[in-house]
2 protein chains.
Amino acid sequence: MTEIEAAVTEKARRAKEAARRLAYMSTREKDAGLLAMAGALEANMAEILAANAQDLEAGRAKGLSGALLDRLMLNEARVKEMAQGLRDVVGLPDPVGEIAAMWLRPNGLEVGQMRVPLGVIGMIYEARPNVTVDAAGLCLKAGNAVVLRGGSEAIRSNTAVTRIIAQAAYAAGIPEGAIEFIDRTEREAAQVLMRLNEYIDVLIPRGGAGLIQTVVKTATVPVIETGVGNCHTYVDEFADLSKAESIVINAKCQRPGVCNAMETLLVHRSVASSFLPAIAARLKERGVEIRGCPETLKHVPWAAPAAEDDWYTEFLDLILSVRVVAGLEEAIDHIYRYGTKHSEAIVTENYTNARRFLKQIDAAAVYVNASTRFTDGGQFGFGAEIGISTQKLHARGPMGLKELTTIKYIVFGDGQVRE
Amino acid sequence: MTEIEAAVTEKARRAKEAARRLAYMSTREKDAGLLAMAGALEANMAEILAANAQDLEAGRAKGLSGALLDRLMLNEARVKEMAQGLRDVVGLPDPVGEIAAMWLRPNGLEVGQMRVPLGVIGMIYEARPNVTVDAAGLCLKAGNAVVLRGGSEAIRSNTAVTRIIAQAAYAAGIPEGAIEFIDRTEREAAQVLMRLNEYIDVLIPRGGAGLIQTVVKTATVPVIETGVGNCHTYVDEFADLSKAESIVINAKCQRPGVCNAMETLLVHRSVASSFLPAIAARLKERGVEIRGCPETLKHVPWAAPAAEDDWYTEFLDLILSVRVVAGLEEAIDHIYRYGTKHSEAIVTENYTNARRFLKQIDAAAVYVNASTRFTDGGQFGFGAEIGISTQKLHARGPMGLKELTTIKYIVFGDGQVRE
């Protein structure tokens, strides 16, 4: 066993030991831990900002882009936001212990499903230090221990933040090991973590497509895939075009760099001439580059021609590919072929078309007459989210506290035996 | 791409194409397929039995044990049972399309969870041909395509059975590709299947610990682990000893070769002298070998001493390890240390001890005053099961039709955009 392997394994082992006790702590005990963590972040502001300044300096020396440096950067307001995030989690209902269902069998056995924590959650993520605090808070509230492995750019910030919140939590009665941070930046550390089936119950990677794919291909621990969203909006022949306009502008422009932003607009041929020139002009005003199919180019002469690759691309930028389609079936086929099953929308006033789209589109979230930007734990009413699952197993779409739990069957008998 | 890789990939691709259409077929259409499959099994009895006779001959030549040959063997009654199994699935409620929940957001959006199929399920399993038919029927009812990979001993039986049921299903309107069977016995075929993330949504291995571990370690496709059950029964100091006696006998003897049978008996010290000699005598009558801790040996002098390894062992046989414990905490600690989180039981009349055991034991099923043998889809009221999950992600415990589905979020709006 290498030294890194030993260090990572020891942290995971401690997390598993803590998880055993965490699983049946009361909501009040866990909330006390969360409040202590929030207070400690604010009380140790200077230390956090000093560590972050070192990360920023190293980032600048490494030539990180302005956008990346901004994501890495902490200031007093951002640390306060992190603390407030933890206090918000205190306000959320505790999913643990809920009896999801209970029924009586003919032999008198009562069989029920009790919601229980997953155990130990491994988080592998990139730059932003706020993910560290969010993940620790949500995992704790749902009764899980967490082993965090953040990106190397934020290593000093994350080391400081996790030491501060973990100490505060432990002083408030949370079992030691509940919040473990892997302070080794070597690739080997992540690889060891991904294969610790004995101690880690589930891995949640958060970051770019490269990170997610590495985890999916390497891990033997079960993974919840998050991420890539090549989202479409289909403007049907029966669309209310004023709704279509505001939905398209919102889905593309309100925050283009996130996974639930729209990347491709599909427009029914019969409304192309009335809809496309107007929406294109509004998108252009907002700096959106359009890459269109040949028919789109007839209506929007200034657009660039779309290449086959563009239909597959999650631009995460002010770029939109646009295609004119002959009808609903062609739109559905396009989404099936190029989509990533994240968030897909139809704009229509037609009842049957809305139902067909809802039924036939296979995605985490399917919308009628609304922006794809709503695929979010907060927007769906979960209070918070730890990521958006794009896989079908266990959790799909925004993952809140409930998705950080599993069930166990509880069975009450009076001496029943099987015949 | 090797020839095997090409062949397996092509089958998986066809399954995925079929899954798209299957996902929104009506219950009536799927049930028609199931009935046609059942009828075809009975109508082609001679062909199935002839193929099975060849498997049996090859098995005898290979020196398979009598038990294995019996599991492999088909006769008229067993084929009829397989057909009846499919007809039973027709009678089960279709989980697809159910709206699990729906709620209104302050902005007027209605957000709901619709139950939908997983997509394509890969089944990797060992000998028994009836698993082939069970799995195909349950996957079809839940709207999934299935790619089956059975053991080499049953290759001729499985090839015949899958050709017959698939042809019957397709003739009844089920899309071609819905039931694919990999008729290659090379290890490479399974390995290719385990890594076809593009086409396979989930893998369910069924078989011995070796098979399960190989799949967990090799697969990049998400896996639902099934299987190993090192199950305990704890007889508390406040147990009703007559209930304890019938539960222990049932959990050990009723069918010792299955995963929900008891492997270790834990007895509270204060009832050891009254309970152990009597239960040991009754177990002995039934041919059970006892391996006891030193204290057990005082009460049951004829028992063999238990080695450390025995506490970890799933005997799947008429062997029972027995340990005397000082109390509930020691019982819980023993189960935490040696158990496999499958099925665990306490026998007690004490309210607080029952609650503590239920809360603190982390297992797929936790029992008070009942035999662990009830961990089964049929016994829990699911009508049928495709296996018993021993992992925490997605499904835990017996998996029925519902566990072969996932959800998608459906969102109804009136033009809502995100602020």
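I began with the symmetry: chain B can be laid on chain A with an RMSD of 0.1 Å by a turn of 180° and a shift of 0.0 Å along the axis (copies are superposed by least squares on the C-alpha atoms of residues with pLDDT of at least 70 in both). The two copies are thus related as by a two-fold rotation axis. I then looked for the residue of chain B that comes closest to that axis, and found B:His394, with its C-alpha at 1.8 Å.

A note to myself on conventions: this is a predicted model, where local features need pLDDT of at least 70, side-chain atom pairs count only at pLDDT 80 or more, and totals for chains, interfaces and linings use all residues. Residues are numbered from 1 along each chain as its sequence is written, while chains are lettered from A and ligands numbered from 1 in the order in which they are written.

**Chain A by itself**

I noted 16 helices and 16 strands in chain A (helices are DSSP runs of H or I with at least four residues, strands are runs of E with at least two, and both are numbered from the N terminus). The C-alpha atoms of chain A fill a box of roughly 70 × 65 × 40 Å along the principal axes.

Next came the domains, whose bounds come from an automatic or database domain assignment. Domain 1 of chain A covers 3–225 + 394–412, and domain 2 covers 231–379. Their C-alpha centres lie 35 Å apart. The contact between them takes five residues from domain 1 and five residues from domain 2 (two residues are in contact if their C-beta atoms, placed from the backbone, lie within 7 Å).

**Where the chains meet**

How many residues of chain B are in contact with chain A? I found 58, and they touch 58 residues of chain A. S16(B) gives the largest share of chain B's side, eleven residues. By class, that side has 28 nonpolar, 17 polar and 13 charged residues (Ala, Val, Leu, Ile, Met, Phe, Trp, Tyr, Cys and Pro count as nonpolar, Asp, Glu, Lys and Arg as charged, and the others, Gly among them, as polar). I also saw that 100% of the interface residues of chain B are interface residues in chain A too, so the copies meet through the same surface.

**Sheets that cross the interface**

I traced an open sheet of ten strands with mixed pairing, in the order S1(A)-S2(A)-S16(A)-S13(B)-S12(B)-S7(B)-S8(B)-S11(B)-S9(B)-S10(B) (two strands pair if DSSP finds at least two bridges between them). Its edge strands are S1 (99–104) of chain A and S10 (304–305) of chain B, each pairing on one side only. H15(B) packs on this sheet, touching S16 of chain A together with S12 and S13 of chain B, and its direction makes about 160° with that of S13(B) (axes are lines fitted to C-alpha atoms, for helices over the stretch in contact, and angles run from 0 to 180 degrees between N-to-C directions).

At the crossing, S16 (residues 405–416) of chain A runs parallel to S13(B), joined by five bridges. A:Tyr409 stands opposite B:Ala365 there. Within chain B, S12 (residues 343–347) and S13(B) pair in the parallel sense over four bridges, and B:Ala345 has B:Tyr367 as its bridge partner.

I found another open sheet of ten strands, also mixed, in the order S10(A)-S9(A)-S11(A)-S8(A)-S7(A)-S12(A)-S13(A)-S16(B)-S2(B)-S1(B). In it, S9 (residues 289–292) and S11 (residues 319–325) of chain A pair in the parallel sense over four bridges, with A:Gly292 opposite A:Val322.
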